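Trainee: I would like to learn how to read helix packing and domain contacts in a model. Please take me through one case.

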Amino acid sequence: MTSTEGPAQPAVRTRDAARTKAEILTVATREFARLGYAGARVDEIAARTRTTKRMIYYYFGGKEQLFTAVLERAYSRIREAEQLLDVEHLDPVAAVRRLAEVTFDHHEEHPDFIRLVSIENIHEAEHIAASAELSRISSPAIEVLRRILDTGRASGLFTADVDAVDLHAMISSFCFFRIANRHTFGALFGRDLVDAGRREHYRTMLGDMIIAYLTADRAA
């Protein structure tokens, strides 16, 4: 019995550590999104998990490193969704529309991501700039857009002088604004941008705007 249980213990500890770190990141995501970087407290994060402040520092090093890890996980999730998207079989118009829809859906489903990005902008992206992981995971998403644009230009469908980073900014800006400015926009104009009844309208409108820009007759 002893000989069979002994080798399994390191694997169990590894799984326990992975679960603990994941739980810490989940709770930390909520706390940072709710209270901001300055307002969130490691003591409170520890109290809301099945661990201790000492273990948070053991796994992550400190509050700054924990916030960076939260950002890394948040960004990695949308990048994973983009990379899993199979657009190679689609024509360029359908491919760019589908990619815009993925961003639209992700931002709507992850409002904490929007809050975290807003908070990091207040801090002038100092945590993102210091993260080699975030620099690495951003590149594949831009490469997918670049391939779509190249194919669209080669086929004569796309006429806009826009690169992949510009296109990414166009798509993200609409999706981000819709969630980040929901309450202020609603208070000023009396319209809820995340009203379920208008969801498909906005989702379609995003794709239409992007396609109209990419395919506009520049000679007119």
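Mentor: Start with a term: angles under 35 degrees count as roughly parallel, over 145 as roughly antiparallel, 65 to 115 as roughly perpendicular and the rest as oblique. The axes are lines fitted to C-alpha atoms, for helices over the stretch in contact, and angles run from 0 to 180 degrees between N-to-C directions. This is a predicted model, in which local features need pLDDT of at least 70 and side-chain atom pairs count only at pLDDT 80 or more, while totals for chains, interfaces and linings use all residues. Residues are numbered from 1 along each chain as its sequence is written, and side-chain values use heavy atoms, with hydrogens and water left out.

Trainee: How many helices and strands does the protein chain have?

Mentor: Helices (H or I, at least four residues) and strands (E, at least two) are DSSP runs, numbered from the N terminus. The protein chain has 12 helices and zero strands. Its C-alpha atoms fill a box of roughly 75 × 50 × 35 Å along the principal axes.

Trainee: At what angle do the axes of α6 and helix α7 cross?

Mentor: Two packed helices are described by the angle between their axes and the distance between the axes. Here α6 and α7 (residues 111-122) cross at roughly 85°, and their axes come within 4 Å. The two helices are therefore roughly perpendicular to each other. Contact means heavy atoms within 4.5 Å. His106, His107, Glu108 and Glu109 of α6 meet Pro111, Phe113 and Ile114 of α7.

Trainee: How does that contact divide by class?

Mentor: Ala, Val, Leu, Ile, Met, Phe, Trp, Tyr, Cys and Pro count as nonpolar, Asp, Glu, Lys and Arg as charged, and the others, Gly among them, as polar. The contact of α6 with α7 has three nonpolar, two polar and two charged residues.

Trainee: In which hand does α6 pass α10?

Mentor: A crossing is left-handed if the near helix is turned anticlockwise from the far one by less than a right angle, and right-handed if clockwise. Helix α6 (residues 92-109) and helix α10 (residues 164-180) cross at roughly 30°, with axes coming within 9 Å. This crossing is right-handed. Its contact has nine nonpolar, three polar and two charged residues.

Trainee: What is the handedness of the crossing of α4 and α5?

Mentor: That crossing is left-handed. Helix α4 (residues 53-60) packs on helix α5 (residues 63-84) at about 65°, with the axes 9 Å apart. Ile56, Tyr57 and Phe60 of α4 touch Lys63, Gln65, Leu66 and Ala69 of α5.

Trainee: How much area do domain 1 and domain 2 bury between them?

Mentor: The size of an interface is often given as the accessible area lost when the parts come together. Buried area is the accessible area (1.4 Å probe) that two parts lose on being put together, summed over both. Domain bounds come from an automatic or database domain assignment, giving domain 1 (15-61) and domain 2 (76-215). The two bury about 510 Å² between them, 74% of it on carbon and sulfur atoms. In domain 1, Thr29, Ala33 and Tyr37 lose the most area to domain 2, together 75% of what that side buries.
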